[in-house]
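Hi,

Here is the structure we talked about handing over. Please load it first, then read my notes on its charged side chains.

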Amino acid sequence: QVQLEESGGGSVQAGGSLRLSCVVSGYTVSRHCMAWFRQAPGKEHEGLARIDGDGRRTYAKVRFTISKDNAKNTLYLQMYSLKPEDSAMYYCAADPIGGCWNALSRSDFRIWGQGTQVTVSS
């Protein structure tokens with residue numbers, strides 16, 4: 001069973017930073033595609049960043065950086081210069097059905113964590 005467990009969310013002042021973690025079980029981060037999404041109240045899932053098994057990265061937000069620690073089988077999202085509009089539930093995702101380099105779409109990822117809440121105050 002693949003399990004994704006996010007952590008690192010919380011409340012932060014605008015302009016601050018947070019580092020989110022996603023500990024992965026049953027799925028090898030070093031070999032496969034991983035991604036971060038978020039969903040704000042009343043909004044659809046938004047793809048944020050993606051990293052493949054070779055460490056190649058793409059980003060939808062310039063203030064966010066995706067990385068991984070293969071030894072810990074853990075995915076990270078470093079977020080800088082946070083704004084109130086960044087407040088959302090943040091999810092890591094794995095096991096895309098269409099390959100890593102299709103659109104960063106919710107429907108392409110089969111395995112999801114439960115999310116970690118990020119709240120940015122002004």
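A salt bridge here means a side-chain nitrogen of Lys or Arg within 4 Å of a carboxyl oxygen of Asp or Glu. By that rule the structure, a predicted model, holds seven salt bridges.

**The network**

Salt bridges link Arg38, Glu46, Lys61, Arg63 and Asp86 in a network.

- Arg38 and Glu46 meet at 2.9 Å, N to O. Arg38 is buried, at 8% relative accessible area. Glu46 is partly exposed, at 27%.
- Asp86 pairs with Arg38, with the closest N and O atoms 2.8 Å apart. Asp86 sits in the loop between strand 8 (74-79) and strand 9 (88-96), and Arg38 in strand 4 (residues 34-39), so this bridge ties together parts 48 residues apart in sequence. Asp86 is buried, at 1% relative accessibility.
- Glu46 and Lys61 meet at 2.9 Å, N to O. Glu46 is in strand 5 (residues 46-51) and Lys61 in the loop between strand 6 (57-59) and strand 7 (64-69), 15 residues apart. Lys61 is partly exposed, at 23% relative accessibility.

**Glu6**

What does a buried Glu6 do without a salt bridge? Its nearest side chain of opposite charge, Arg106, is 10 Å away. The Glu6 side chain instead reaches two backbone nitrogens: that of Cys92 at 2.8 Å and that of Gly115 at 2.8 Å. Glu6 lies in strand 1 (residues 3-7). Its contacts beyond four places in sequence include Ser21, Cys22, Trp36, Tyr90 and Gln114.

Best wishes

Definitions and conventions
Residues numbered from 1 in each chain as written. Predicted model: local features only at pLDDT ≥ 70, side-chain atom pairs only at ≥ 80, totals over all residues. Heavy atoms only, no water. Helix = DSSP H or I, 4+ residues; strand = E, 2+ residues; numbered from the N terminus. Buried < 20%, exposed > 50% of the residue type's maximum accessible area, 1.4 Å probe, protein only. Lys, Arg positive; Asp, Glu negative; His and termini not counted. Polar contact = N/O pair within 3.5 Å; in protein donor to acceptor, adjacent residues only side chain to side chain. Contact = heavy atoms within 4.5 Å.
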